[in-house]
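Subject: Structure handover

Hi,

Here is the structure I promised to pass on to you. Please open it next to this email and follow along as you read.

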Amino acid sequence: MSSERKDQHVTLADAQHAEPPARNDFDDVRFMHHALAGIDRDRVSLRTQFAGVSWRAPLYINGMTGGSARTGEINRSLAIAARETGVAIASGSMSMALRDPSTAGTFQVLREQNPDGFVMANLSADARPDQAAHAIELVRADALQLHLNSVQETVMPEGDRAFSAWPDAIAAIIDAVDVPVIVKEVGFGLSRATLEQLADLGVTVADVSGSGGTDFARIENSRRDGGDFGYMAGWGQSAVCCLLDGADAPAGSALPALLASGGVRTPLDVVRALALGARAVGVSGVFLHALLRDGQDALIALIRTWLEQIAQLQALLGAVTVADLGDTDVLLRGSVREFCGLRGID
Ligand code: FNR
């Protein structure tokens with residue numbers, strides 16, 4: 001895995017977000033409007049809790065990058081944005097820092113610029129427990145994200161082709177580290193069966209990171225000679241479908257607490273995901289694009305606007321707390337409704 005590849009990911013992901021936001025499954029989630037349901041903005045709390053973690057806001061900058069000079073600079077700006085707005089932030093995969101310690105600084109900048117913030121380290125699910133502990137130590141991480149990216153590896157020319165060791169590796173890491181472990185996809189979604197499997201492995205938090213936003217099948221295909229995996233674009237389930245699938249688990253089954261990301265374009269998408277049961281919502285591509293196009297101050301202003309508008313939407317919907325959003329009337333249509341029909345979800 002080269003630093004050149006990290007730079008390509010940033011360039012190709014940024015290009016996917018340069019167009020006006022595309023339609024995705026979040027558009028098929030509508031709130032029933034109740035004109036007298038509103039409460040006072042001053043009463044609204046954005047605080048959210050899951051698996052012993054408590055955040056001031058249900059929004060975070062999701063794992064992206066590090067490993068090259070350019071991506072180290074990007075991490076510096078993202079970390080400053082997280083510090084200035086009080087949102088949590090995740091590193092991109094730190095496997096390069098483990099292989100080539102000279103790149104560690106491009107990740108450690110996340111902690112240096114944000115000493116008191118909530119910082120998540122990030123590794124692939126096949127990491128060894130000692131590697132996980134080292135990654136956590138490098139950024140003094142408050143939690144560890146483990147990414148599941150079998151689709152990306154498959155389309156990636158130099159990708160892994162062996163995935164069977166992942167479940168045991170996840171269980172071993174959970175046993176070995178003393179921070180919460182958040183298992184996440186990278187934009188293809190976590191099915192209910194996967195969430196059940198993760199629960200059996202001891203995972204208490206999962207980020208469903210679904211399709212409809214940054215598409216790593218397209219990114220990796222455009223890095224291949226001949227790009228012959230183009231048909232994989234759009235693979236997977238959206239965050240909306242994953243949240244509905246997870247919420248429909250049989251009574252008594254203890255699935256991990258769910259975070260959501262993938263295809264989040266606006267504060268309304270954040271509120272939609274929270275209403276469907278997410279404890280917090282991660283954004284990557286849209287924030288990366290704002291940073292690269294408009295700069296660090298613009299990203300800080302954008303995140304502040306999102307936080308205020310999430311609170312205003314909660315007031316409109318009568319939700320004092322983030323959890324209260326779960327009591328709102330939500331209407332599902334189109335492809336989301338079709339998914340529910342196929343999965344037998346009421
Ligand atoms: C990512 N993502 C990612 N995820 C991860 O767990 N480890 C990683 O190293 C990366 N690298 C990465 C690079 C870039 C440039 C982007 C844009 C994204 C995936 C990310 O965390 C998220 O799951 C997906 O991008 C879907 O969210 P968005 O982009 O649609 O908001």
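Below is what I found in it, topic by topic.

First, two points on reading the model. It is a predicted model, in which local features need pLDDT of at least 70 and side-chain atom pairs count only at pLDDT 80 or more, while totals for chains, interfaces and linings use all residues. Residues are numbered from 1 along each chain as its sequence is written.

**The barrel**

The order β4-β5-β6-β7-β8-β9-β10-β11 describes 8 strands that close into a barrel with parallel pairing. From one strand to the next the twist averages 30°. For the terms: strands (E, at least two residues) and helices (H or I, at least four) are DSSP runs numbered from the N terminus, and two strands pair if DSSP finds at least two bridges between them. Axes are lines fitted to C-alpha atoms, for helices over the stretch in contact, with angles from 0 to 180 degrees between N-to-C directions.

Strand β6 (residues 119-124) is joined to β7 by 5 bridges, and Ser124 has His147 in β7 as its bridge partner. Another 5 bridges pair β7 with β8 in the parallel sense, where His147 stands opposite Lys184. Next, β8 and β9 pair over 3 bridges, with Val183 partnered by Ala206 in β9. Parallel β9 and β10 are also joined by 3 bridges, and here Ala206 stands opposite Leu258. Finally, β10 and strand β11 (residues 281-283) pair over 2 bridges, with Ser261 opposite Gly282.

How enclosed is strand β8 (residues 181-185)? It is largely enclosed by the rest of the structure, because 5 of its 5 residues are buried. Buried here means that 20 or more other C-beta atoms lie within 10 Å of a residue's own; exposed means 12 or fewer, and partly exposed is in between, with C-beta atoms placed from the backbone. In a regular strand the side chains alternate between the two faces of the sheet. In β8, Val181, Val183 and Glu185 lie on one side and Ile182 and Lys184 on the other, and all are buried. Strand β10 (residues 257-261) is mostly covered too, with 5 of its 5 residues buried.

**Around the ligand**

Which residues come nearest to the ligand? Of the 27 around it, they are His147, Gly213, Thr214, Ser284 and Gly285; a residue counts as near if its C-beta atom, placed from the backbone, lies within 6 Å. The elements giving two or more residues to this shell are α1 (3-16), β7 (143-148) and α12 (285-294). By class, the shell has 8 nonpolar, 18 polar and 1 charged residues. In this scheme Ala, Val, Leu, Ile, Met, Phe, Trp, Tyr, Cys and Pro are nonpolar, Asp, Glu, Lys and Arg are charged, and the others, Gly among them, are polar.

**The nonpolar core**

The largest nonpolar core has 103 residues, of which Ile89, Leu144 and Leu243 touch the most other members. Helix α13 (residues 296-317) gives the largest share of this core, 8 residues. Such a core is a set of buried Ala, Val, Leu, Ile, Met, Phe, Trp, Tyr and Cys residues joined through C-beta atoms within 7 Å.

Leaving out residues up to four places away in sequence, Leu243 touches Val208, Leu258, Ala260, Ala273, Leu276, Gly277 and Ala278. Touching means that two C-beta atoms, placed from the backbone, lie within 7 Å. With the same exclusion, Leu78 touches Ile61, Ile89 and Leu291. Leu78 is in helix α2 (residues 69-85) and is buried, with 29 other C-beta atoms within 10 Å.

**Helix α11 and some positive phi values**

In helix α11 (residues 267-275), 7 of the 9 residues are buried, including Asp269, Arg272 and Ala273. Just after α11, Gly277 has a positive phi of about 115°.

Two residues other than glycine are also worth a look. Arg140 has a phi near 45° and sits in the loop between α5 (129-138) and β7; it is partly exposed, with 14 other C-beta atoms within 10 Å. Ser209 has a phi near 25° and lies in the loop between β9 (205-207) and α9 (216-221). Ser209 counts as buried, with 31 C-beta neighbours inside 10 Å.

Best wishes
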